[in-house]
Amino acid sequence: MSTAAEILAKHPAKGLYTLGALLINALKLPLWIFYHLSSSTRQHSRWSLRQAVATRALRTALWHFSFMRVNTPLILQPTAKEKGLLVTIPPSTKGGVYMGICDDEEVKPEKICGYWYPSAFNEDEDRGKKIVLHFHGGAYVIGDCRPAESGYAGKMLSEKIGKTLMVSYRLASNPGGRFPAALQDAVSSLQYLISLGIEYEDIVISGDSAGGNLAVTLLRYLATTNASGPAAALLWSPWVDLASSLEPATFSYSPHRFTDYIPSNFATWGAHMYCPKDGPVTMGDGWISPAAHPFRTNTPIWIQGSGQEILIEQIAEFAKAMKRISSNKIAFHVEEIATHDIILVGNVTGFEKETENALAAAKKWLDNL
């Protein structure tokens, strides 16, 4: 996410707004701490003071960032510290890779980048081991693969599951980033791993929030093209119904509207940018909102939701719908007191224990496949 200084340099008016918002909310912080000293005033009775204050602060920050709608650029050039870890992922040159929904008249596959956690791929040392291909969250409008934004997810996945390639796919907040840009980039990323000599049976697709949506879309694409699928998929608080996220009831009347940090303007911004009215598909299409469009897949899927997040109902419905297809292997795990996307921001919101619980469940499920 852009810093206040970067926003001020590129967008002076938005930068001044950012500085003002930061100042005002810095003044509010002591008041939030004082208010939530008593457990009776916290959003959930089992939350700590840190969790209550952090969730409120993150919600406020996301609301302001969504209000400004500042784009997150795709930076391909590595810094000195990133050399060897940040890799360029080119479009595949193989024929028949980008077919059907991926073959768009306006949006074409482009070069992107990825970041290896905890170290660069080594063919001799990593051959035959599980490799995680992860897509970060951010409502398709913010986010990056680098440690500053995705370091916690990269660290946890690489420690508990396997060496991880975190991908910076094209964002819809930038020109040319609407659907199917991210799907093209997901296909390119998978082909990149194959080009390194990694077998499909050693690849675990993973994604959080919007990245979870992208992981599902990739699995649907592989199924429709009869392409080989990865060994498994891990979905962390996947955003599987963009259409319902635009309905006022989703945020205004949800029983979790006080416990989650996702503001409605963040979801609205992301959904409309990723799937504009003049795009190739509608918001309710299975390529955008898979919750109501289950499909057959050869890839086993593990799905995690949090009991206090806005999206929990749609995540649960998606898991049920996918389970109804007899040949699918679907597992559903819930962290009851946690908020949205703990794999990405659990260290910020104070849900590290719940993140570790979820990762342990995911690993156990993978080991038993």
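In which loop is proline 118 found? In this predicted model, proline 118 sits in the loop between strand S2 (112-117) and helix H4 (123-126). The bond that joins tyrosine 117 to proline 118 is a cis peptide bond, with omega at about -5 degrees.

**Backbone features**

A cis bond also runs from phenylalanine 179 to proline 180, where omega is near 10 degrees. Proline 180 belongs to the loop between strand S4 (163-168) and helix H6 (181-195). Tyrosine 140 is a residue other than glycine with a positive phi, near 70 degrees. Its place is in the loop between strand S3 (131-135) and helix H5 (147-160). As background, most residues other than glycine have a negative phi, and most peptide bonds are trans.

**Annotated span**

The UniProt record, an unreviewed entry, places the feature "domain: Alpha/beta hydrolase fold-3" at residues 132-342. In the model, residues 132-342 are 36% helix and 16% strand. The end C-alpha atoms of this span are 17 Å apart.

**Cavities**

Rolling a probe the size of a water molecule over the atoms shows where empty space is left. The count is two cavities of 30 Å³ or more. Their volumes and the classes of their lining residues are as follows.

| Cavity | Volume | Lining residues by class |
|---|---|---|
| Largest | about 100 Å³ | eight nonpolar, two polar, one charged |

The largest cavity is lined by Ala139, Ser209, Trp239, Phe251, Asp260, Ile262, Phe266, Ala267, Ile310, Leu311 and His340. Around the second largest cavity, the lining consists of Thr72, Pro73, Leu74, Gly143, Asp144, Ser168, Tyr169, Leu171 and Asn174.

**Packing of H3 and H10**

Helix H3 (residues 49-68) packs with helix H10 (residues 264-274) at an angle of about 40 degrees, and the two axes are 8 Å apart. The crossing of H3 and H10 is left-handed. H3 contributes Leu62, Trp63, Phe65, Ser66 and Phe67 to the contact, while H10 contributes Asn265, Phe266 and Trp269. By class, the contact of H3 with H10 has six nonpolar, two polar and no charged residues. Phe266 of H10 takes part in this contact and is also among the residues that line the largest cavity.

Notes. Residues numbered from 1 in each chain as written. Predicted model: local features only at pLDDT ≥ 70, side-chain atom pairs only at ≥ 80, totals over all residues. Heavy atoms only, no water. 1 Å grid on protein atoms, 1.4 Å probe; cavity = no way out; pocket = protein on both sides within 12 Å on 5 of 7 lines; lining within 4 Å. Points joined across faces, edges and corners; volume = space filled by probe spheres on them. Nonpolar A, V, L, I, M, F, W, Y, C, P; charged D, E, K, R; others polar. Axes fitted to C-alpha atoms, helices over the stretch in contact; angles between N-to-C directions. Helix = DSSP H or I, 4+ residues; strand = E, 2+ residues; numbered from the N terminus. Left-handed = near helix turned anticlockwise from the far one by under 90°. Contact = heavy atoms within 4.5 Å. UniProt positions renumbered as here; feature names shortened; annotations may be inferred.
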